[in-house]
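Open the model in your viewer and keep the selection tool at hand. This tour goes from stop to stop, with something to select at each one.

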Amino acid sequence: MAEIAVIGAGLGGLSAAIALAAAGQSVDVYEASSRPGGKAGIAVLDGVEVDTGPSVLTLPEVIDGLLRQAGTRLSDELTLRHLSPAFRYRYPDGACVDIFHDPEESAASVARALGSDAEAEFRDFLAYAARIWDIAAPAFVYGPAPSLDLVRRLGPLAMLQFRHVDPFRTMWGAIRSRVRSPHLRALFARYATYNGSDPRAAPATLSCIAHVEMGLGGWGVEGGVYALVRALVRVARRLGVRLHLGAPVRRVLVEGGKARGVVLDSGERRADAVVCNADVAHLIGALLPAQPPHGLKRPAVPSMSGWTGILKARRRAGGRAPHTVLFPADYAQEFADIFDRDRPPEAPTVYLCAQEPCHGRAGWPEHEPVFVMANAPAEPEGGRAADTWTALQDRVLARVRDAGLVDPDDALIAAHTPADLARAWPGSRGSLYGAASNSMFAAFQRPANRVRALPGLYLASGSAHPGGGMPLCVQSGRQAAAEIRADLGLAVP
């Protein structure tokens, strides 16, 4: 039986722990915080628990696959909610498009709001996105980290197929070539933000995210997204995983050119393998010694961050949509502000999640919790002036109130800025997804789950392969566990 140390109890760390414990290994998870979950966070506000992080679940089969490794299944541990409509997109000219769980209903909604030509463009783009996903997912999501050398060795036929993932155009270029409707252009470009990237620079391959959410479906989680964290903790403990909260790892123990365990305030904990479920930049800057060389690099361009808040909003007779997006008049300017000018957007896109209809979370007697978010740049090394985020908050709340989505006296009862996120997640600069995918080579530059230059060290996080977002973090943990099993000669469950 191998001894495994996992640094961090986010979704990636918990998933790696479950996969390894299910294979009969001894696993300890060390979490600096007083609670597990990482960025899938919660807060108790005026006596009500609310989610403060991710708000939509896609690819639930990834989680089901992990749980089946552990002898259970998703339907035994969680209840998912089919949301119809799920997303409501609102535009400055008054247009409103609802997106449903069923793509046919979504297409009909596009036709009602934008006309038959837009409906045809919507159907065509989703088919294009689905083709990309079918080709790209096995190599870029469900397998080991891809490399350019591996692509070159696949031969002419595979290279020809690789072209169909559209890696040589930007998302924005691909969208403009296939879609005339300015409303749909904004809707499809928004999917670059799902990994904190700029659609003007990100490869068109990322258009597959539209298929993942609108073609395969986005779900709510009964009881809140944190119910997923609780389920993973429950399953991990059933398998014998030892979860140590309030136990920050100070450094990775390296001896003889290999990772041999972790160092806590209370001393060394030796292990046969170490899984790091922390931002790779934090691992590089704080947990690893300068020697021996580890080959890891900090991201040159961090992904976007975000300003987030919780509104205590009066319930509406007709109810709110689970997810609402308010687009500005010029969506491209948001990315120019964030990536070109390194400042919060002057006219931010605003996202809201009404947690009662989305996740069945119970609110207050006359109010419900509404999560609100605006994209923002990551924090510079020296930070920003405090009024930077106050000004963005004022613009966000003004847009929400002007749109009639909350009442004038509805209160903002919590808020987190990129500076807050940078403090909470060391090394991240507040970025939500590690590196931005702002080049055609981004998928090949994300750190692999096995650190080849430092045997015994593995990565499982949104800043490593295959990337950010709940299902990809879970898959990152599963892949790290698979690499450990292979290296240690362990049987696959």
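Is the crossing of H2 and H18 left-handed or right-handed? It is left-handed. Keep in mind throughout that this is a predicted model.

**Stop 1: helices H2 and H18**

Select residues 60–69 for helix H2 and residues 470–488 for helix H18. Their axes lie 9 Å apart. The packing angle is about 40°, and H2 and H18 are therefore oblique to each other. Now show the side chains at the contact. On H2, pick Val 62, Ile 63, Gly 65, Leu 66 and Gln 69. On H18, pick Pro 471, Val 474, Gln 475, Arg 478 and Arg 485. Colour the contact of H2 with H18 by residue class: five are nonpolar, three polar and two charged.

**Stop 2: helices H1 and H11**

Next, select residues 11–22, helix H1, together with residues 226–238, helix H11. Here the axes are 9 Å apart and the angle is about 25°. With angles under 35 degrees counted as roughly parallel, H1 and H11 are therefore roughly parallel to each other. The crossing of H1 and H11 is left-handed.

Which residues of H1 meet H11? They are Leu 11, Leu 14, Ser 15 and Ile 18. Across from them in H11 are Leu 228, Val 229, Leu 232, Val 233, Val 235 and Ala 236. The contact of H1 with H11 has nine nonpolar residues, one polar and no charged.

**Stop 3: Ala 210**

Move to residues 208–215, helix H10, and click on Ala 210. Is Ala 210 buried or exposed? Ala 210 has a relative accessible area of 1%, so it is buried. Show what surrounds it. Leaving out residues up to four places away in sequence, Ala 210 touches Leu 126, Ala 129, Phe 188, Tyr 191 and Gly 215. Then try the distance tool on Ala 210 and Asn 449. The C-alpha atoms of Ala 210 and Asn 449 are 26 Å apart, and the two residues are 239 apart in sequence.

**Stop 4: the three-stranded sheet**

Switch to a cartoon view. The sheet here is open, with three strands in the order S10-S11-S12 and antiparallel pairing. Strand S10 (249–255) and S12 are at the edges. Each has a single partner strand, so one side of each is left without a neighbour in the sheet. From one strand to the next, the twist averages 35°.

Zoom in on S11 (residues 258–264) and S12 (residues 267–270). How many bridges join S11 to S12? There are four, and the two strands run antiparallel. A hairpin of two residues connects S11 to S12. Val 263 faces Glu 268 in S12, and Val 262 faces Arg 269 in S12.

**Stop 5: the seven-stranded sheet**

Now select the seven strands of another open sheet, in the order S7-S6-S15-S16-S17-S14-S18. Its pairing is mixed.

- S6 (residues 87–90) runs parallel to S15, with four bridges. Arg 90 stands opposite Leu 326 in S15.
- S15 and S16 run antiparallel, also joined by four bridges. Leu 326 has Val 350 in S16 as its bridge partner.
- S16 (residues 350–354) and S17 (residues 367–376) pair antiparallel over five bridges. Leu 352 stands opposite Val 372 in S17.

**Stop 6: strand S15 and His 323**

Finish with S15, residues 323–326. Show its side chains. Which of them point one way, and which the other? His 323 and Val 325 point one way, while Thr 324 and Leu 326 point the other way. All of them are buried.

Click on His 323. Its relative accessibility is 0%, so His 323 counts as buried.

Definitions and conventions:
Residues are numbered from 1 along each chain as its sequence is written. This is a predicted model: local features need pLDDT of at least 70, side-chain atom pairs count only at pLDDT 80 or more; totals for chains, interfaces and linings use all residues. Side-chain values use heavy atoms; hydrogens and water are left out. Axes are lines fitted to C-alpha atoms, for helices over the stretch in contact, and angles run from 0 to 180 degrees between N-to-C directions. Angles under 35 degrees count as roughly parallel, over 145 as roughly antiparallel, 65 to 115 as roughly perpendicular and the rest as oblique. A crossing is left-handed if the near helix is turned anticlockwise from the far one by less than a right angle, and right-handed if clockwise. Contact means heavy atoms within 4.5 Å. Ala, Val, Leu, Ile, Met, Phe, Trp, Tyr, Cys and Pro count as nonpolar, Asp, Glu, Lys and Arg as charged, and the others, Gly among them, as polar. Buried means under 20% relative accessible area, exposed over 50%, partly exposed in between (1.4 Å probe, protein chains only). Two strands pair if DSSP finds at least two bridges between them.
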